[in-house]
Amino acid sequence: MIEKTRGIKDIRNLTKSLPTIRYVDPDYVYLAVTNARCGTSEIYCKPGDYVKIGTIIGMRHGGYFDQPIHSTVSGTIVGTVKKFHRAGKMVDFIKIQNDKLNTFDESVRERTDEEIAKLTKDEMAEIIKQCAVVGMGGSSFPTYIKFQTKDPIKYILLNGVECEPYLSSDHRLMMEMPDRIMIGIKYILQAFKAEKAIICIKKKYDDIFEVLDAVRQRYPDLPIEIARIGNFYPQGWEIAMIKSALGIDIPSGVLPSKYGIMNFNVATAVGIYKAIKYNLPVVKRYFTLTGDGIKFPQNFRVRVGTSVQELIELCGGYVDEDKDKVFILGGPMMGVSHVRDDVIVTRTVTSVIILNHHDNVEEPCVRCASCVYSCPVGLQPVSIMNAYKANDKDAIIKLGAKKCIECGLCSYSCTSKIPVTEYMRKAKKLIK
Ligand code: SF4
Ligand code: SF4
């Protein structure tokens, strides 16, 4: 079924070959006090306080974990302002004026290789927790929880597939910072005592393969392989990636760790490297601003907390100021749509796609089964949609809606332009 999604055009060509622009010293940064996983928080700073890079300025509270909020610049706390978070909600952000002196907090310090060689998995988990490293491919799942698994891990998979159209931030990261990825992998291999690590990339990207393969030779002691897997969406979905790289089928609802497999995004591996080597939280990231709505799509290396409006200006502004636009945070298949550009680059925002709005007139379902044919999980989206409309919770459960990974393919393939994935989200919410 996955094979049938080959038709999705990869529009990464807009930016994949462009060198990255460094924009790491904005006048202000904005740091969200809550996010999709942490609904409440405490703030430890007040206007006028001086903070450094890595200073903890607050604590987010999630259902089962806390997450420190670190300043990503040195400078002065201005106050709290409202901005849009990646999750689509307007939330409070702490605004910090950047003094551009790049002064680090005392907690940021370099560990020697000897110190690192003695670290256990639990000790690394604690460092990563304090540095608030999360899944940087967009999942935002706390990385330390993966390090706390009790399952024996044989294979580490690094996700460099970046399978959604338009996205190229991981592509540029792999091209420009392969050493950091390799050292991150070295620490992960050490922690899990794993047999080998496999970096998964799309088969068609010779440029990434050549760079990673050359850099891999610099670490002859590390068991790192590169798997060139399918070019189609959703190869980056961990279950599909594992199947392609290792030939192992992970049943629905079972964690890959039960099969001795642990996955990390390539950008997360860099986050792990920075945390372990320098005790430094994620303060910068690769980011793509693209789409037909802006003049010059571009890749950036930005400070976490940068306003997307500033980056739009750096891209030459909008193609047509007067046209209505859609702002998608993340990829076009799984990202979240906004109607305003007042959004901020957080640790987990890989990209913003700005599209000129095109009217999509929804038509009645013609029962063509395109959505069924496309679903990588083997669901019947049209039946789940109808069960949702009928408020039939039993049917939604029976049809297995909770297995939906919200990949967006049912909407993409729908002949009648019905936002089927939206119905999947609503159906899952109804039975939660
Ligand atoms: S969004 Fe859910 S139901 Fe739709 S194709 Fe993807 S997994 Fe299947
Ligand atoms: S693809 Fe759209 S039109 Fe076809 S069966 Fe699914 S919901 Fe109906």
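Colleague: How do the residues of the shell around ligand 2 divide by class?

Modeller: In this predicted model, the shell around ligand 2 holds 9 nonpolar, 4 polar and 1 charged residues.

Colleague: Which residues are the closest to ligand 2, and what makes a residue part of the shell?

Modeller: The closest are Cys365, Cys368, Ser370, Cys371 and Cys414, out of 14 residues that surround ligand 2. The test is a C-beta atom, placed from the backbone, within 6 Å of the molecule.

Colleague: Which residues are the closest to ligand 1?

Modeller: Ligand 1 is surrounded by 16 residues, and the closest are Cys375, Cys404, Cys407, Leu409 and Cys410. Two elements give two or more residues to that shell, helix H13 (409-413) and helix H14 (420-431). H14 gives the most, with 3 residues. By class, the shell around ligand 1 has 12 nonpolar, 3 polar and 1 charged.

Colleague: Why is H5 called roughly perpendicular to H8?

Modeller: The axes of helix H5 (residues 178-192) and helix H8 (residues 266-278) cross at roughly 75° and come within 7 Å. Angles of 65 to 115 degrees count as roughly perpendicular, so H5 is roughly perpendicular to H8.

Colleague: Which residues of H5 and H8 meet?

Modeller: From H5 there are Arg180, Ile181, Ile183, Gly184, Ile185, Tyr187 and Ile188, and from H8 Val266, Ala269, Val270, Ile272, Tyr273 and Ile276. The contact of H5 with H8 has 11 nonpolar, 1 polar and 1 charged residues.

Colleague: Which residues of helix H7 are buried, and what makes a residue buried?

Modeller: Glu238, Ile239, Ala240, Met241, Ile242 and Ala245 are buried in helix H7 (residues 238-246). Each therefore has 20 or more other C-beta atoms within 10 Å of its own.

Colleague: What covers the buried residues of H7?

Modeller: The cover includes strand E9 (155-159), strand E10 (196-202), strand E11 (224-229) and strand E12 (261-265). Just after H7, glycine 247 has a positive phi of about 75°.

Colleague: How is the chain divided, and how many residues of domain 1 and domain 2 are in contact?

Modeller: Domain 1 comprises 9-22 + 102-358, and domain 2 comprises 370-431. Their centres, taken over C-alpha atoms, are 28 Å apart. Contact involves 6 residues of domain 1 and 7 residues of domain 2. On the side of domain 1 that touches domain 2, there are 5 nonpolar, 1 polar and no charged residues.

Conventions: Residues are numbered from 1 along each chain as its sequence is written. Chains are lettered from A and ligands numbered from 1 in the order in which they are written. This is a predicted model: local features need pLDDT of at least 70, side-chain atom pairs count only at pLDDT 80 or more; totals for chains, interfaces and linings use all residues. Domain bounds come from an automatic or database domain assignment. Two residues are in contact if their C-beta atoms, placed from the backbone, lie within 7 Å. Ala, Val, Leu, Ile, Met, Phe, Trp, Tyr, Cys and Pro count as nonpolar, Asp, Glu, Lys and Arg as charged, and the others, Gly among them, as polar. Helices (H or I, at least four residues) and strands (E, at least two) are DSSP runs, numbered from the N terminus. A residue is buried if 20 or more other C-beta atoms lie within 10 Å of its own, exposed if 12 or fewer, and partly exposed in between; C-beta atoms are placed from the backbone. Axes are lines fitted to C-alpha atoms, for helices over the stretch in contact, and angles run from 0 to 180 degrees between N-to-C directions. Angles under 35 degrees count as roughly parallel, over 145 as roughly antiparallel, 65 to 115 as roughly perpendicular and the rest as oblique.
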